[in-house]
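Keep the viewer open as you read.

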Amino acid sequence: MPTYHAQITHDLPQNADLVIAGGGIIGAATAFFAARAGLRAVVIEKRPLLATLTTPNATGAFRAQFDNAEEMALVREGIALYTNFAEVAELPGYDLGLAQQGYLWLATTAETVERQRTLVEQQRAWGLDDVELLSGNEARVRFRYLAPEVMQARYRAGDGWLDPRKLAMGYAIASQATCVTGTAVTGFTFSGERISGVQTTRGVISCGVAVIAAGPFSQQVARLAGLELDLSFVRRMRMIMPEVAEVPADAPMTIDEETGAHWRPALHGANLLWTAPNMPPGPPLEDVTPSDDFAFGLLDPESDHSVARISPFWRAVWERNTDNWCLRAGQYSYTPDHRPYLGPTPIPGLFVNCGYSGHGIMGSAGGSRIVVDTITGALTPADNPFRLDRPIVERALDVL
Ligand SMILES: Cc1cc2nc3c(=O)[nH]c(=O)nc-3n(C[C@H](O)[C@H](O)[C@H](O)COP(=O)(O)OP(=O)(O)OC[C@H]3O[C@@H](n4cnc5c(N)ncnc54)[C@H](O)[C@@H]3O)c2cc1C
């Protein structure tokens, strides 16, 4: 792949059309869509490098298979970009590490079989006509590693994964935005009630628009402007096993829909994940410490969410106990309805792009395009289902 560089500096420009607080994947995507709309953005990132807090912990997976039409549309917009990124971003040869090997959701109870059927019907009604519903035997013929307990599967071949840091840096590079690293946003300046600038540890930058894209620190940054965001932060982990002989390299994201445990091929092994349902929220953290219990819970065949339940070859991996692993941890930023906050706030000139609730890689393109459209006026609040003052409908926790 050719070498490209983002515009990184420690010199704070005096002004910008918009200033983005946070240089993770969401800040970078905001800069990308701002540039496409003809806006001169500056990204302020407090860490020494872009995309080093939550973003690198993600497994980078994307799926159109959602349980609501709005998030499905949001992610489908992203998939269209990710599958064509080098061309659209005008970065010839830029490689996102994209793999479209599908998402395979597996049912082992009658209730989940029924739920899958209803969901696939709904998805088809929303225009997603390429989700296949497979019987247990059909699934086992296609994916030979599946357990006899699998009763049914829903599968979409066009879902998959990519490298989150490559996408984040691709956005930053293509935006040509100035990215000021090692610099924290510490406050805002106002002209009357309107944002007139952003205060940082290197001085003030004037702007008419500021966007909060500070991941788990978005609530703290919003408070600097006197805005309260209803967000909670929950530790989530990823287990990386770089070498596991049994993992089929062409396998899809394989999800136990009963427990939420899932794995997908990575390196010469796999990434394994699980969203613990009762993990308590905590304060935003710079360093999130993983715990070995996460690895044991996924691998131990006796665990109630063992990956061996639906893919029995994992039992041999546990019994052999020779394959190495490492763990990464970051925080999901949850909103009360687990959908992102996108667009204007009650403070004129202040916008939010945060609260992706575990879907920030796949939602980065659709979400950031919406935010930029609300800045330019191309999208009205009424047409934005992710606006800050939407009616909040409580929804069950997504298993992924
Ligand atoms: C284990 C795990 C697995 C995941 N898997 C997936 C997946 O498969 N697919 C998916 O779509 N999503 C996934 N996610 C979610 C995804 O990682 C996040 O939604 C996404 O990375 C959020 O990006 P962000 O830019 O908002 O946050 P971050 O990456 O945290 O970036 C925010 C940035 O803001 C900076 N910042 C904070 N405060 C300030 C300040 N005052 N001034 C300047 N800068 C500041 C931070 O330093 C940071 O760099 C996963 C998350 C985890 C933890």
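## Around the ligand

Three elements each put at least two residues into the shell around the ligand: helix H1 (25-36), strand S14 (232-241) and strand S18 (326-334). Helices here are DSSP runs of H or I with at least four residues, strands are runs of E with at least two, and both are numbered from the N terminus. The model is a predicted one, where local features need pLDDT of at least 70, side-chain atom pairs count only at pLDDT 80 or more, and totals for chains, interfaces and linings use all residues. Residue numbers start from 1 along each chain as its sequence is written.

In total, 40 residues surround the ligand, and the closest are Gly-22, Gly-24, Gly-215, Gly-330 and Gly-360. Sorted by class, the shell has 20 nonpolar, 15 polar and five charged residues. For that sorting, Ala, Val, Leu, Ile, Met, Phe, Trp, Tyr, Cys and Pro are nonpolar, Asp, Glu, Lys and Arg are charged, and the others, Gly among them, are polar.

## Two domains

The chain splits into domain 1 (7-81 + 164-231 + 335-383) and domain 2 (100-159 + 234-329), with bounds that come from an automatic or database domain assignment. Both domains give residues to the shell around the ligand, so the ligand lies between them. Their C-alpha centres are 30 Å apart.

At the interface, 15 residues of domain 1 are in contact with 19 residues of domain 2, where contact means C-beta atoms, placed from the backbone, within 7 Å. On the domain 1 side, strand S4 (61-62) and helix H2 (69-82) each supply at least two residues.

## The chain as a whole

Count up the secondary structure and you get 10 helices and 20 strands. The radius of gyration is 21 Å, close to the 21 Å that the globule rule gives for 400 residues, so the chain is as compact as a globular protein of that length. (That radius is taken over C-alpha atoms, and the rule is 2.2 Å times the number of residues to the power 0.38.) Along the principal axes, the C-alpha atoms fill a box of roughly 65 × 45 × 45 Å.

Buried residues make up 48% of the 400. Buried means 20 or more other C-beta atoms within 10 Å of a residue's own, exposed means 12 or fewer, and partly exposed is in between, with C-beta atoms placed from the backbone. Take the contacts between residues at least 6 apart in sequence, and 73% of them join residues at least 24 apart.

S7 pairs with strand S5 (residues 103-107) in the antiparallel sense over five bridges; pairing takes at least two DSSP bridges between the strands. Ala-107 sits opposite Gln-152 in S7. Strand S6 (residues 132-135) also runs antiparallel to S7, joined by four bridges, and Leu-133 is opposite Arg-154.

## Trp-263

Trp-263 is in strand S16 (residues 262-266). With 26 other C-beta atoms within 10 Å, Trp-263 is buried. Leaving out residues up to four places away in sequence, Trp-263 touches Thr-254, Ala-270, Asn-271, Leu-272 and Val-307. The C-alpha atoms of Trp-263 and Trp-274 are separated by 8.8 Å, with the two residues 11 apart along the chain.

## Backbone angles to check

Most residues other than glycine have a negative phi. Gln-176 is not a glycine, yet has a positive phi of about 55 degrees. Gln-176 is in the loop between helix H6 (164-175) and strand S9 (178-180), and counts as partly exposed with 14 C-beta neighbours inside 10 Å.

His-338, also a residue other than glycine, has a positive phi near 60 degrees. Its place is in the loop between S18 and S19, and His-338 is partly exposed, with 18 other C-beta atoms within 10 Å.

Key
A residue is near a molecule or strand if its C-beta atom, placed from the backbone, lies within 6 Å of it. Two residues are in contact if their C-beta atoms, placed from the backbone, lie within 7 Å.
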